[in-house]
Amino acid sequence: MKLPAIPPYKTKVVEPVYFRTKEERRAKIQEVNYNLFNIHSDWVIIDLMTDSGTGAMSEQQWAEIMLGDESYAGSESYFKLLRSVQDILGFEFLAPTHQGRAAENILFSATVKEGDVIPGNAHFDTTKGHIEFRKAKAIDCTIAEAFDTALEHPFKGNIDLEKLEATILQYGKEHIPFINITVTCNTVGGQPVSLANIQDTCALAKRYGIPVYMDIARYAENAYFIKTREAAYADWSIRDIVKAMFKEAEVVWMSSKKDGLVNIGGFIALNDPELYEKLGQYTIIYEGFLTYGGMSGRAMGALAVGLQEGVDFHYLEDRVMQVQYLGEQLKKHGIPIQEPVGGHALYIDAKRMLPQIPQTQYPAQLLAVEAYIEGGVRGVEIGTLLADRDPETGKDRMAEMELLRLAIPRRVYSRSHMDYVAATMAKVAARSHELENGFNIKRQAKILRHFTVELERAKSTQKEASSLLV
Ligand code: F0G
């Protein structure tokens, strides 16, 4: 008999969870206008809002916290981080930033200008935001299979090379400062990109003389999927796969709050000394001196260790298997999820689970609110609320998919927590046919509305509700 797989760690410090009744939660969510960002964390039982910055650090990382060198310039913690980046990712230069979007700000300040076009696989919203803020355009070239949640495909994060080439020809290579590959691709469900696709994308880019940049927030999980799903690499180590993934990339940037196993941090890594020098000017104005760039010494030390731990095969296997386990439990209860399950989160298809709720009433948000009321499980809407309005017409951009994302923090929850989440969703599913109305918007911000939006339960008929939003 094979022994069961177990997490390659045990618990040293615990954090309490507070329990409240369903009625208390029902009243609370109404009081905060049905916006889960307004809920205090002690009102949440299982917090699956994000896997970003929510992981647990190891004893070695906490030891580095004590060893942190807080010197303004030349901090030893910076050099520890630099050595990890050189060792694991294979880049010579390192620009630390306080998190991923700060890396985007610096990198794009140096490389993106008005009228530019950045093709890629479903850019993350802050990436898209930083591109659009500079009056440039993000063009999504993800394969079409990614948008059918029921379709099995091992690498739904892949780039459609025909779409990419058509984009290059349409806009002209002189307007394309770089091609952006995001690994794993968060926006389409934490779906991986195959090494073959990375290599083909880089070869195509090279033919047109366009550099490839990579957004590597969840690169280690992507490497795990390459090892387990792409036959040619089954015997490769995670570290060798990581090196192969980045071989042709000119620049990578990272939100280290994910696969860096830290609570805060980010960076840009590259080999080009000229671009590094240019980035340095922006680092100094926006973040801090070159050897800390918005991070404390102790945070850099913890990240130096977190990067090493993040490419450990046993850790990655346990991590990805936990996400897959929750996927299996949800499927057993007949909950429609994005398949195959990605690396960091489950995405529940609200269009399939609540077909009676029109998109104009934000079905994925309704699902998020009901999961919170039912079991205190906090996820996040990835649908029309998040997609926001078209800046030109001011009308809602109907999202291609209406998803409730349940993102799993790293090294935090146990299998019984996952069973609790699955049971909560099963209870919501059992009464889903009773849900007749979604939400109307009471108040919304000009941009990035989902963080602060105020909602009310829609009472109107579906037809009237859609006319309200026009
Ligand atoms: N790129 C990707 C692929 C991301 O998922 C994120 C953040 C960022 C960039 C920005 O990094 O948050 O450190 O500034 N994703 C978080 C999430 C917020 O919940 O998926 P950041």
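Guide: Let's start with serine 77, which sits in helix 3 (residues 76-89); helices (H or I, at least four residues) and strands (E, at least two) are DSSP runs numbered from the N terminus. Mind that this is a predicted model, where local features need pLDDT of at least 70 and side-chain atom pairs count only at pLDDT 80 or more, while totals for chains, interfaces and linings use all residues. Residues are numbered from 1 along each chain as its sequence is written, and side-chain values use heavy atoms, with hydrogens and water left out.

Visitor: Is serine 77 buried or exposed?

Guide: Buried means under 20% relative accessible area, exposed over 50%, and partly exposed in between (1.4 Å probe, protein chains only). Serine 77 counts as buried because its relative accessibility is 1%.

Visitor: What is serine 77 in contact with, beyond its neighbours within four places in sequence?

Guide: Contact means heavy atoms within 4.5 Å. With those neighbours set aside, serine 77 is in contact with Leu67, Gly68, Asp69, Gly297, Met300 and Gly301.

Visitor: Which residues does glutamate 64 touch, again skipping those up to four places away in sequence?

Guide: Glutamate 64 lies in helix 2 (residues 59-67) and counts as buried, at 12% relative accessibility. Its partners are Lys80, Arg298, Gly301, Ala302 and Val305. Gly301 is also among the contacts of serine 77.

Visitor: Which residues form the negative surface patch?

Guide: Patch residues have over 30% relative accessible area and no salt bridge, and like charges are joined within 9 Å; Asp and Glu count as negative. A salt bridge is a side-chain nitrogen of Lys or Arg within 4 Å of a carboxyl oxygen of Asp or Glu. Here the patch consists of Glu250, Asp272, Glu274 and Glu277. Glutamate 277 belongs to helix 10 (residues 273-286) and is exposed, with a relative accessible area of 58%.

Technical notes
Patches are made of residues with over 30% relative accessible area and no salt bridge: like charges are joined within 9 Å, nonpolar side chains (Val, Leu, Ile, Met, Phe, Trp, Tyr) within 5 Å. Accessible areas come from the Shrake-Rupley method with a 1.4 Å probe; for residues, only the protein chains shown count as cover. The place of a charge is taken as NZ of Lys, CZ of Arg, CG of Asp or CD of Glu.
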